[in-house]
Amino acid sequence: MSYKIKKAAVIGAGVMGATIAAHLANAGIESVMLDIVPPFDPSEKDLEKGLTKESKAWRNSFAANGLNGAVKSRPASFYSKKFASMITIGNLEDDLDLLKDVDFLLEVVVENLKIKQDLFAKVLNITKPDCIIATNTSGIPIKEISSNMSAKDKERFLGVHFFNPPRYMKLVEVIPGETTKKEIVDYMTDFLENVVGKGVVICKDVPNFIANRIGVFDISNAVKTMLGKGLTIPELDAIIAKVLGRPGSAICGTIDLVGIDTGYHVMKNLVEAVPDDEMIDTFKPPEFMDKMVKNKWLGNKTKGGFYKKTKDEKGKRVKLALDYKKMEYVPFKKPKYQSVKEASKTEGGFDDKLKALFYSEKDIAGEVVREYLCKNFIYSANRIPEICDTVYQVDNTMKWGYNHQKGPFETWDAVGVKESVEVMKKLKLKVPKKVTEMLKKGCETFYTRKEDGKYYYDFDKKDYVKMEDNPKIILLPELEVKNKVIKKNAGASLVDIGDGVACLEFHTRMNAIDGDIISMMYDSCDIVEKDFAGMVVANHGTNFSVGANIFQVLMAVQNAEWDILDKLIHELQYANMRMKYLEKPVVTAPAGMALGGGCEISIHGQRCQPCGETYMGLVEVGVGVIPAGGGCKELMVRCTEGLPEGTGEVLNMQPIYEKVLMNIGQAKVATSAVEAMELGYIRKTENVSLNRDHQIWDAKELVLAMAKTHKKKKPDMIPVMGESLMGIAHAVLYNMKHGNYMSDYDEHVTMKLAWVLSGGQCMEGTFVTEDAILDREREAFLSLAGEQKTQDRIMHMLSKGKPLRN
């Protein structure tokens with residue numbers, strides 16, 4: 001039987017259910033979202049509206065509130081609020097017929113076994129026989145939830161566990177039942193990876209699966225270590241932090257974010273669910289957490305947990321931390337450890353810094369890290385094959401579900417397996433027999449690389465096993481190891497990614513644009529035009545590019561190096577133009593932040609293959625200048641595309657140019673690729689890659705498709721409004737200024753922008769060349785950069801330690 005999910009049902013419209021439905025909409029999947037009929041307890045306002053117990057508005061109110069919450073959520077759950085129309089709401093008494101034609105039904109109700117079983121008993125007979133049925137449980141075994149189901153229903157039932165927030169968390173755990181059809185597991189894995197854009201890990205049907213078994217141990221272990229070493233909460237978070245590859249919220253900040261009650265109940269549930277676990281005592285919540293739950297100090301949702309933000313008598317915001325010994329909040333003091341400081345400054349990459357801290361004897365931080373990580377390593381090894389069969393399943397789960405930079409086995413490799421085993425012996429910890437056997441065989445790492453690819457150590461086979469290659473995942477560092485670099489300098493590389501396609505990769509800090517990147521853009525275009533079918537512009541950085549470093553601009557201005565600055569801007573403009581008009585197809589593939597110059601490069605590709613999580617905008621006005629790498633010009637092109645030449649004078653272009661002026665003048669940043677389309681940065685005809693791991697492959701496939709029919713592009717002519725735009729800008733800015741929405745200097749900068757966009761002293765509807773707008777961009781940028789207020793803004797941002805983007 002073949003499966004195809006076109007329409008889904010989400011049962012349960014709480015935060016998790018509603019945001020899963022929202023992300024399914026992001027993936028183009030319509031859904032039905034049902035919840036229970038609430039008890040009739042109307043407010044006076046409800047009664048005034050005429051609501052009754054039988055009214056649809058009341059009976060659907062739980063589902064309606066869930067959808068409304070997803071629409072208003074921050075960070076945004078939808079790529080565009082318009083996508084909310086893809087969700088049909090209803091209730092579990094009146095609207096069960098809506099389930100008749102769904103292809104996939106996901107239960108997302110409270111973690112209560114009986115409630116889940118009763119729900120499935122109610123809905124299973126309504127769905128069609130080939131509808132895939134799933135639960136989003138975070139830890140209840142699938143065999144228990146399905147115990148009352150028929151044999152046929154068990155074959156189409158499995159666990160599909162999303163992580164919160166579903167749009168942003170990469171991990172989905174798929175948990176097959178004992179008799180779940182293999183073709184359903186395979187189809188759901190493919191659907192979740194290729195349509196929904198997730199990283200899938202197949203788990204065994206044991207309590208809490210992989211993520212919440214290893215992850216909750218990780219957190220419980222950290223808290224126990226804190227108590228054992230007598231650390232304060234801020235001290236723990238200063239040690240088990242970014243230097244160990246943990247999120248910025250560290251341990252206690254993360255628990256505050258998730259909810260103390262949530263973490264507390266998962267710990268208690270695990271104590272009951274895995275009574276034979278050798279580390280059962282670690283899972284038992286400490287006494288102070290009992291008191292926190294009793295006091296309803298539950299974290300961010302109650303405005304106080306491990307940390308609390310408040311105001312002092314002067315109204316100044318202050319941060320407090322819980323003193324768990326006295327159970328009272330005290331002023332937060334940021335701890336400093338010499339070992340952490342030295343490790344963070346250690347030369348090399350993340351592994352070198354981690355190893356330096358692990359073996360440091362400078363202070364208690366090294367001691368804490370050794371004990372905490374060694375216990376994590378041992379526990380993770382002991383869970384194989386109980387929760388899964390391979391080390392990489394555990395590693396991927398912790399990276400994708402808990403935002404750890406490396407999984408436990410990758411971290412173990414980083415500090416040295418053989419060396420850390422000696423540390424474990426000193427700590428009187430029991431080293432897993434399977435690890436001792438591994439070392440005796442001469443296998444000293446869990447991962448190794450051979451000529452034909454990457455291998456992992458398999459405890460069952462007691463040898464290295466080749467990891468399966470995914471052709472849709474193109475990893476540039478691996479290609480560099482294979483000598484596929486065509487040309488490279490300090491700022492960028494051109495890499496052969498196969499099939500006649502090259503990839504231009506940036507690798508400066510935060511992929512900030514500098515002279516090296518610009519130089520490589522020119523060189524790459526020359527090489528590709530001569531020897532390749534086309535080019536992708538992409539990288540694996542957190543951000544595609546945060547733009548140019550304005551500090552360099554400031555230095556040039558203060559040194560009165562106007563010719564050098566003008567030349568640099570000109571080179572960026574025409575590097576972008578070179579890509580745009582290259583005789584071979586060029587596809588840009590932005591992901592993360594593509595701001596300022598990063599946005600300008602993105603929009604100069606002949607096509608764009610954005611990741612869904614692309615945050616794009618022209619933000620230069622924030623430091624008192626305007627986009628000058630072709631951003632103004634290209635946004636004008638994008639927003640006027642499709643206007644026939646010679647008709648500009650009879651069309652009303654005011655709405656078009658007001659949009660361009662406000663996008664740039666207010667430094668609007670799209671919060672998704674779809675929103676970037678709505679703002680005009682990306683064409684609405686482009687496809688979006690929901691799975692970033694596949695993005696370079698998607699872009700490469702687009703290049704190859706374009707290459708079959710590619711023709712050199714005809715130069716764009718841009719219809720402008722001339723002096724009419726200046727008048728409109730004056731009127732708009734007058735209202736904004738007198739409404740206290742902008743300062744005098746903001747008005748000045750925006751009028752310079754309007755001058756660029758106007759195209760000059762000409763009649764509305766006049767068509768001008770791209771070069772004419774590029775000249776105006778440079779002139780306006782240099783004029784503003786020379787003004788003291790702009791330089792003051794840049795210096796102010798530097799003093800605050802904020803990244804400078806252009």
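**Why the sheets and helices get their names**

Mentor: Welcome! Start with an open sheet of six strands, ordered β15-β16-β17-β18-β19-β21, with mixed pairing. Strands here are DSSP runs of E with at least two residues, helices are runs of H or I with at least four, and both are numbered from the N terminus. This is a predicted model, where local features need pLDDT of at least 70, side-chain atom pairs count only at pLDDT 80 or more, and totals for chains, interfaces and linings use all residues. Residues are numbered from 1 along each chain as its sequence is written, and side-chain values use heavy atoms, leaving out hydrogens and water.

Trainee: What makes β15 and β21 the edge strands?

Mentor: β15 (485–488) and β21 (607–608) each pair on one side only. Two strands pair if DSSP finds at least two bridges between them.

Trainee: How do you know that β19 and β21 pair?

Mentor: Strand β19 (residues 586–588) and β21 share two bridges, in the parallel sense. The definition asks for at least two bridges, so they count as paired. Val-587 has Arg-607 in β21 as its bridge partner.

Trainee: Which helix lies across β17, β18, β19 and β21?

Mentor: That is helix α30 (residues 695–707), running at about 155 degrees to β18 (534–537). Axes are lines fitted to C-alpha atoms, for helices over the stretch in contact (heavy atoms within 4.5 Å). Angles run from 0 to 180 degrees between N-to-C directions.

Trainee: What is the pairing in the sheet β9-β10-β11?

Mentor: This open sheet of three strands has antiparallel pairing. Its edge strands are β9 (307–311) and β11 (328–331), and the twist averages 40 degrees from one strand to the next. β9 and strand β10 (residues 317–323) pair over five bridges, and Tyr-307 stands opposite Ala-321 in β10.

Trainee: What share of the residues is buried?

Mentor: Of the 806 residues, 55% are buried. Buried means under 20% relative accessible area, with a 1.4 Å probe and protein chains only.

Terms used. Buried means under 20% relative accessible area, exposed over 50%, partly exposed in between (1.4 Å probe, protein chains only).
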